[in-house]
Amino acid sequence: GLLVVAADESVMPQTREHFDICRLLDVRKGLVVLTKKDLVDDELLQLVRAEAEGLVAGSFLEDAAVITVSSRTGEGIDELKNILRETGLQAPSRSADFITRLPIDRAFTMRGFGAVVTGTLIAGEISEGEELELLPGGGSVRAPSLTVGFLPGKRVRVRGVQVHGNSVGRAFAGQRTAINLGGVEAAEIERGMTLTLPGRLRPTQIVDAQVQMLADAPRALRSRQRVRVHLGAAEVFARVRVLEEGGEIKLGKNGFAQLRFELPAVGVLGDRFILRSYSPSRTIGGGKILDAFAMKHRTREVTVVRERLAALLGGERAIQLSSFVENANGLRRADIAARTGWRDEVIEAAAKDALSGDAIVDAEGVLISRAKVDELKRAVLEAVAAHHQREPLSRGFGKEILRERHFAHAPAEIFRAVLNQLESGGALVSEKDIVRERAHTRELSDADAQLRARLEKAYQDAALAAPSMSEAFARAGISAAAQPHGRKILQLLIDSGVLVRVAGEMFFHRVALDDLTKKLHAHAARGSDRSIDVPAFKELAGISRKYAIPLLEYL
């Protein structure tokens, strides 16, 4: 950071605000420059120097060089260049652990080229010819009702790259760059959007963060307060939910809070942001994103949430990854990338460390906490046991119903993994569309056994003139009120193969169908013509057309 103070004006309110913003953004290196030294005498220049040094006392600029210059005479400019170069070389290199991200601060159309965007490449690289994705970043701070919906995930192509006005094949993290984009019009792009690799990042509207309040802010940060959030190049309105005791973060203090954006924005773990008051617009604090895809928290959960956010603040990636996984019903690697912006190799290394313990497991490529798996197992076993108790004559619990009730918010891989573990452990048996306890048998009471025998006899006596379901119930002595139970007994006959569904609710006894098959074989063996028409079939089976056509189609 280069803190510039005019010698003829000294430290101004905007100087203090900009300096506060640098500290909130965790800038760690910089210089102090006093300009326009030709307009003041030495005494005033020393006074301005003392005020500037007082401003930066106790900050990252406390021991920084203070250079006095005059752009009019050129005095001090060469010294500034040399110290600026030296200080820049002392700054650490950008980490190579993050995927490409370019927050867009300007978009325009250049004749003969099309859409051009500019911004500072904060991570990764951008090469000519590369395919990237344009994500919404908040854009205008107009009310949501006045803002046209964004087109998330729009694919674009890099047609050209410039760095400081020079065409290059590739731009690197930290460089100021202009990108010529194909596949999009400049009118579709707004300040605050983000260029990134396809399918890696996602817009969000709720983030958990650590917030640092300025000591001279107008008032403490409180829940329900509306603020302006500056994230990347985006400015979005947000509502605050303070996660600290008393529902506020006091002046000069830090604490945890949830920000609920009024428009989508792109941010990942560790991203810095600035908070400004809604009106009048003034910097009141800043902070760091800890969970870019947070859920709304219940009041009774706040203490646990603070503990989790404190762990995310620590910076150890395996711990951070574990925290995300433990707070979800399973996360794919892509979900972790969207939360962190980490490259694949970084995610794999963090996942390997997290999996080396006992708290996290890998279920068909989805990471989930062992505690969550155990909880889902218990839920499945309880649901199946309750179903057997409630429906003792049922074959088992429908898999789809089980998935919708207990795995609605979990990836499909988790559902399969939990069932496979329960089946391999001998607790459950999986049969096509149902699951059941291994010990579950459909044993009938004496009354149900007699009812089953009567219902079977009704179909057996009817032979190929199959009765309707209501007729069969009537012949078996099942009243209208008892028909729901009768259907369960009927299902037992179907499941066991005694009855065969031929069409709709038309069921035939297996013995009658076997006898019919024998007659057809005998008919075919008697002559050279192996065909049979409907009248001949009706005569052979001794039935009317009502039964003949469904039986012929079945056979």
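Visitor: Which residues of H6 and H7 meet in this predicted model?

Guide: In this model, which is a prediction, Arg333, Ile336 and Ala337 of H6 meet Ile347, Glu348 and Ala351 of H7. Sorted by class, the residues of this contact comprise four nonpolar, no polar and two charged.

Visitor: How is the packing of two helices described in general?

Guide: Two quantities describe a packed pair, namely the angle between the helix axes and the distance between those axes. In the present case, helix H6 (residues 333–340) and helix H7 (residues 344–355) have axes 10 Å apart and pack at an angle of about 110°. Angles of 65 to 115 degrees count as roughly perpendicular, and H6 and H7 are therefore roughly perpendicular to each other. The handedness is given separately, and the crossing of H6 and H7 is right-handed.

Visitor: At what angle do the axes of H4 and H5 cross, and what is the handedness of the crossing?

Guide: The axes of helix H4 (residues 302–313) and helix H5 (residues 317–326) cross at roughly 150° and come within 8 Å. Because an angle over 145 degrees counts as roughly antiparallel, H4 and H5 are described as roughly antiparallel to each other. H4 passes H5 in a left-handed crossing. On the H4 side the contact is made by Arg308, Ala311 and Leu312, and on the H5 side by Ile319, Gln320, Ser323 and Phe324. By class, these residues are four nonpolar, two polar and one charged.

Visitor: Which word describes the direction of H14 relative to H15, and which residues make their contact?

Guide: Helix H14 (residues 510–526) and helix H15 (residues 534–541) have axes that come within 10 Å and cross at roughly 125°. That angle makes H14 oblique to H15, and their crossing is right-handed. Leu516, Lys519, Leu520 and His523 in H14 meet Phe537, Leu540 and Ala541 in H15, and the residues of this contact divide into five nonpolar, one polar and one charged.

Visitor: What is found at the N-terminal end of H15, and what follows the helix?

Guide: A helix can be read at its ends as well as along its packed face. The N-terminal end of H15 is capped by Asp533, which has a side-chain oxygen 2.9 Å from the backbone nitrogen of Ala536. After H15 comes Gly542, whose phi is positive, near 70°.

Visitor: Which residues have a positive phi although they are not glycines?

Guide: Lys36, which is not a glycine, has a positive phi of about 60°, and Lys36 lies in the loop between S2 and H2. With 38% relative accessibility, Lys36 counts as partly exposed. Ala463, also not a glycine, has a positive phi of about 55° and lies in the loop between helix H11 (446–462) and helix H12 (469–475). Ala463 is partly exposed as well, its relative accessible area being 32%.

Visitor: Is Lys37 buried or exposed, and which side chain does it join in a polar contact?

Guide: A residue counts as buried when its relative accessible area is under 20%, so Lys37, at 17%, is buried. Lys37 lies in the loop between strand S2 (31–35) and helix H2 (42–56), and a polar contact of 2.8 Å joins its side chain to that of Glu75. Leaving out residues up to four places away in sequence, Lys37 touches Ala7, Leu45, Thr68, Val69, Ser70 and Glu75.

Visitor: Where does Asp271 lie, and what surrounds it?

Guide: Asp271 lies in the loop between strand S19 (254–265) and strand S20 (272–277), and with 13% relative accessibility Asp271 counts as buried. The side chains of Asp271 and Arg101 are joined by a polar contact of 2.8 Å. Apart from neighbours within four places in sequence, Asp271 is in contact with Arg101, Leu231, Gly287, Lys288 and Ile289.

Visitor: Which peptide bond is cis, and where does Pro280 lie?

Guide: The torsion to read here is omega, and for the bond from Ser279 to Pro280 omega is near -5°, so that this peptide bond is cis. Pro280 lies in the loop between S20 and strand S21 (283–291).

How values were computed
Residues numbered from 1 in each chain as written. Predicted model: local features only at pLDDT ≥ 70, side-chain atom pairs only at ≥ 80, totals over all residues. Heavy atoms only, no water. Helix = DSSP H or I, 4+ residues; strand = E, 2+ residues; numbered from the N terminus. Buried < 20%, exposed > 50% of the residue type's maximum accessible area, 1.4 Å probe, protein only. Polar contact = N/O pair within 3.5 Å; in protein donor to acceptor, adjacent residues only side chain to side chain. Contact = heavy atoms within 4.5 Å. Axes fitted to C-alpha atoms, helices over the stretch in contact; angles between N-to-C directions. Parallel < 35°, antiparallel > 145°, perpendicular 65-115°, else oblique. Left-handed = near helix turned anticlockwise from the far one by under 90°. Nonpolar A, V, L, I, M, F, W, Y, C, P; charged D, E, K, R; others polar.
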